[in-house]
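We will go from stop to stop, with something to select at each.

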Amino acid sequence: MSGKVAVVTGSNKGIGYAIVRGLCKKFDGTVFLTSRNVELGKKAVADLEKEGLHPKYHQLDITDNKSIETFRDFIKKEHGGIDILINNAAIAFKQNATEPAAVQAEQTVAVNYFAVLNACEKLFPLIQNGGRVVNISSSAGHLSKIPSEALRSRFKDPNLTIPELSGLMQQYVEAAKQGTHAPEWGNSSYAVSKVGLTALTMIQQRMLNDRDIKVNAVHPGYVDTDMSSHKGPLSIDEGAAAPLFLALDADDSVKGQYVWFDKQITSWDGKTPTPY
Ligand code: NDP
């Protein structure tokens, strides 16, 4: 057991990889690069080592209970706890994907909402008092992406509980299976999953207030990664800037917020901010 620990999920490539790079440079502690695929993860670590950086590696698939528990037990035994947790791992179907809406809805919500929630429930007991959690949301996670006013009211209810939020996510998946989702939920399963993650952030903050843990959601900007089909104008290091700010530098008063890539706190349920 020694020193502080930072963990980044899904960090073998893209924004997560750049967050690991930034943490290795700025964080005084051990940085864990994690990935669902061991080979890809170890290759990423080797690449960072060529830059003189030394992240540690551990396998972590957030959709796999056993993987999460193995990682949790390892961290508990070897390090005692986690000081920074960056929930970065996510999936997105491409615009021209041919999978039916029901499949896209179920899979996207399963990874981007339910798997993140499950990983948090297993890892939060390890977060040290004073720790920081950064949930990588998106501009698509702005509440305005949900067309139904009634649903928006549910999402922003300050007393919303996790079981109720999970119920809403499940309700969306069922609507997608019936083909009735579009008028109320819109046509993007990615947006619904990220609105869910942003709403989850607010609830998690309420639950962790008494342990002095800060939880924030962030839109990293439109970034040149596989997920964006390399259309985003920002580099992965630029995309990592706001998540790193929240993990390391933001004032302690910044908690339970939705933060834009320019590091500004943004109204989640207000006017839609300028996209990128
Ligand atoms: P990438 O597709 O480049 O990287 C996603 C990472 O998540 C990969 O390492 C991937 O692993 C990993 N991952 C996926 N599923 C799992 C899983 N079950 N367990 C563990 N890891 C998993 O995406 P980006 O870097 O672009 O995205 C990073 C974050 O930023 C995401 O949350 C995304 O939604 C968000 N975001 C991105 C934007 C952009 O413009 N790129 C804009 C707004 C938000 P593998 O290599 O094995 O697939």
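**Stop one: aromatic rings**

Six aromatic pairs are counted here, where rings of Phe, Tyr and Trp (its six-membered ring) pair if their centres lie within 6.5 Å. Planes under 30 degrees apart count as stacked, over 60 as edge-to-face and the rest as tilted.

Before you select anything, two notes on the model. This is a predicted model, in which local features need pLDDT of at least 70, side-chain atom pairs count only at pLDDT 80 or more, and totals for chains, interfaces and linings use all residues. Residues are numbered from 1 along each chain as its sequence is written, and side-chain values use heavy atoms, with hydrogens and water left out.

Select Y172 and W185. Their ring centres are 5.3 Å apart and their planes meet at 50°, so this pair is tilted. The two residues link distant parts of the chain, 13 residues apart: Y172 sits in helix α6 (residues 162-178) and W185 in helix α7 (residues 182-185). Helices here are DSSP runs (H or I, at least four residues), as are strands (E, at least two), numbered from the N terminus.

Are Y172 and W185 buried or exposed? Both are buried. Buried means under 20% relative accessible area, exposed over 50%, and partly exposed in between (1.4 Å probe, protein chains only).

Next, select Y258 and W260. This aromatic pair is edge-to-face, with 5.8 Å from centre to centre and 70° between the planes. Y258 is buried at a relative accessible area of 1%. W260 is buried too, at 4%.

**Stop two: a serine in α6**

Go back to helix α6 and pick S166, which is found there. Its relative accessible area is 13%, so S166 is buried. What does S166 touch, leaving aside its neighbours within four places in sequence? Show Y113, F114 and L117: S166 is in contact with these residues. Contact means heavy atoms within 4.5 Å.

**Stop three: the ligand**

Now check the distances to oxygen atoms of the ligand. One lies 2.5 Å from an N or O atom in the side chain of Y190. For the side chain of T225, the distance from a ligand oxygen to an N or O atom is 2.6 Å. At I15, a polar backbone atom is 2.8 Å from a ligand oxygen. The protein covers 93% of the 890 Å² of accessible area that the ligand has on its own.

Most residues other than glycine have a negative phi. Where do the next two residues stand?

Select D212, in the loop between α8 and β6 (214-218). D212 is not a glycine, yet has a positive phi of about 55°. Its relative accessible area is 42%, so D212 is partly exposed.

Finish at S229, in the loop between β6 and α9 (236-249). Phi of S229 is also positive, near 50°. S229 counts as partly exposed, at 35% relative accessibility.

Technical notes:
A polar contact is a pair of N or O atoms within 3.5 Å; within protein, one must be able to donate a hydrogen and the other to accept it, and residues adjacent in sequence count only if both atoms are side-chain atoms. Accessible areas come from the Shrake-Rupley method with a 1.4 Å probe; for residues, only the protein chains shown count as cover.
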